[in-house]
Amino acid sequence: MAQGIAMFFCAILVLSSITASAQTVNFEKLLHETEVLFSVAQTVDKGYILSGLTGEDEGSFVKLIKTDAYGDTIWTQRYPGIGRTDYYRTSAIQTSDGGYLLAATKEESENRDIFLIKTDAHGETVWQKNYGDSLEEKSWSMQQTYDGGYLIEAIKDINNIYLLKIDTAGQVEWEKEFGPIRSFDVRYQAIQTADSGYVIISRSRFYKLAQNGDSLWTKSFDDRYHLVQELSDRNLILAGENILLKTDPIGEELWRQELEINPNNLLITNNEDIILASDKLMRLNEEGTEICSLELDGFAYDIVQDDDGFVFCGELPEMPLERRGWLVKTEENGFYKSLILLQPQKLPDSWWYGKIRILVPYEIAWRSHNVQEINIEYSENNGIEWNSLEESYPAGEGSYLWVPEGFPTSEGLIKISEAANPDFSDQTENPFLIVRNHDYIAINDIKMYFSNFGAGSHNP
């Protein structure tokens with residue numbers, strides 16, 4: 001298991017982890033029933049609103065998830081959606097009335113439409129609307145505009161940019177279509193600028209729109225870009241595959257920087273540093289000079305700055321048992337600490353090597369970051385009593401093999417805790433069956449092995 005993410009923001013590297021951890025909240029969360037998280041935003045109560053996708057036996061679903069300030073789920077809403085691909089994104093924001101708006105794509109009878117769901121502060125649906133007049137409109141992203149309405153970014157008919165401006169009740173105010181762009185790379189971004197107009201970047205084309213959506217100018221570039229953000233001086237930062245560009249407000253180039261990153265998200269920090277997020281995180285200053293970067297063991301699709309640090313979400317595709325949505329909260333200097341117990345996995349009971357039976361143990365697996373050593377314990381009675389398996393075990397190992405001894409129990413639990421701080425811990429959520437491969441009794445020095453639950457016996 002990877003040790004996680006180092007202090008990628010590199011802002012206050014002189015701080016020790018002890019000092020950092022005492023200052024603000026930080027965490028790492030895995031959402032076990034969510035395949036991927038596409039968006040994260042801080043809410044007025046200092047928690048977070050997330051959106052993502054999950055595939056289940058009865059089909060695929062779009063998810064809207066509300067957490068508290070510690071990343072723990074308060075409520076979850078599911079809505080029938082579309083299958084899992086890189087180009088079916090979801091987006092969620094908190095609206096000015098304290099509720100939430102979710103944008104996603106819905107498939108019905110081979111027809112794909114944008115669908116929006118407006119909820120109240122508790123996630124209960126206020127209204128739901130579908131948008132689209134052709135066979136295929138796929139939602140890409142969404143934002144609230146200065147007038148309280150919303151701008152919906154979408155893809156239409158495979159390879160056209162489609163912008164939809166709606167009011168607070170979901171009524172269409174205007175819609176615009178641009179393109180075509182190549183179907184194998186439909187990424188683009190539209191943002192509202194300080195003058196209440198909009199800019200759109202897609203591959204080599206850069207568009208400027210008035211507040212009513214009318215076109216003002218178009219620029220062309222040799223390089224390909226798909227992300228854009230505005231600086232406080234109204235200059236613009238554009239990002240694409242291995243390239244970063246700064247322009248003035250009318251799209252004239254100020255500088256260009258080649259980079260080794262293909263970002264999913266572009267963030268301008270409060271001090272106007274630039275953060276790019278994908279399978280690694282990269283921080284640059286306003287002039288495009290790299291400050292630091294770090295490889296991730298997953299993919300970050302969205303990153304935001306909150307009151308005291310940064311939050312990013314995405315997915316960890318190579319997890320034991322399943323793909324899982326990934327949520328990380330760091331402090332201002334990038335510090336966080338985590339210890340997450342993954343579901344104990346019982347491997348096959350045994351296998352034969354000739355006439356010798358080889359017993360196969362349970363694998364206890366975990367993720368850790370900024371934790372050096374852990375204690376591993378188990379309970380046979382649903383947590384009433386705990387027994388030690390290992391003390392001060394290296395957290396960086398990421399897994400531990402265990403062959404249980406004694407009698408079977410259906411009230412088994414596993415707990416791991418930081419050796420230096422046992423209160424920092426995690427354990428299995430529900431009791432599970434601990435199965436022993438063999439048990440035996442000894443009477444008058446005669447031993448007889450019995451398989452689980454007495455199904456058979458063997459005289460050794």
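Strands here are DSSP runs of E with at least two residues, helices are runs of H or I with at least four, and both are numbered from the N terminus. Two strands pair if DSSP finds at least two bridges between them.

Strand 23 (residues 280-284) runs antiparallel to strand 24, and five bridges join the two. Met 282 has Ser 293 in strand 24 as its bridge partner.

## The model and its confidence

This is a predicted model, in which local features need pLDDT of at least 70 and side-chain atom pairs count only at pLDDT 80 or more, while totals for chains, interfaces and linings use all residues. Residues are numbered from 1 along each chain as its sequence is written, and side-chain values use heavy atoms, with hydrogens and water left out.

The average pLDDT of the protein chain (the predictor's confidence in each residue, from 0 to 100) is 84, and 82% of the residues score at least 70. Over residues 1-5 the pLDDT stays under 50, and the model has 25 contacts for them beyond four places in sequence. A contact means heavy atoms within 4.5 Å. Residues 12-22 also have a pLDDT below 50, with 12 contacts in the model beyond near neighbours in sequence. Where pLDDT is low, the predicted coordinates should not be read in detail.

## The chain as a whole

Of its 460 residues, 51% are buried, that is, under 20% relative accessible area with a 1.4 Å probe, protein chains only; exposed means over 50%, and partly exposed lies in between. Among contacts with a separation of 6 or more, 47% are between residues 24 or more positions apart.

Six bridges pair strand 2 with strand 3 (residues 48-56) in the antiparallel sense, and Ala 41 has Ile 49 in strand 3 as its bridge partner.

Glu 33 sits in the loop between strand 1 (27-31) and strand 2. Glu 33 counts as exposed because its relative accessibility is 61%. Apart from neighbours within four places in sequence, Glu 33 contacts Thr 54 and Lys 63. Glu 33 and Lys 63 are 30 residues apart along the chain, and their C-alpha atoms are separated by 10.0 Å.

Strand 19 (residues 243-247) pairs with strand 20 in the antiparallel sense over five bridges. Leu 244 has Gln 257 in strand 20 as its bridge partner. Five residues lie between the strands of this hairpin, where Gly 251 takes a positive phi near 85°.

Asn 264 lies in the loop between strand 20 (253-258) and strand 21 (265-268). Beyond neighbours within four places in sequence, the contacts of Asn 264 include Arg 89, Arg 187 and Ala 300. A polar atom of the Asn 264 side chain lies 3.2 Å from the backbone oxygen of Ala 300.

Notes:
A polar contact is a pair of N or O atoms within 3.5 Å; within protein, one must be able to donate a hydrogen and the other to accept it, and residues adjacent in sequence count only if both atoms are side-chain atoms.
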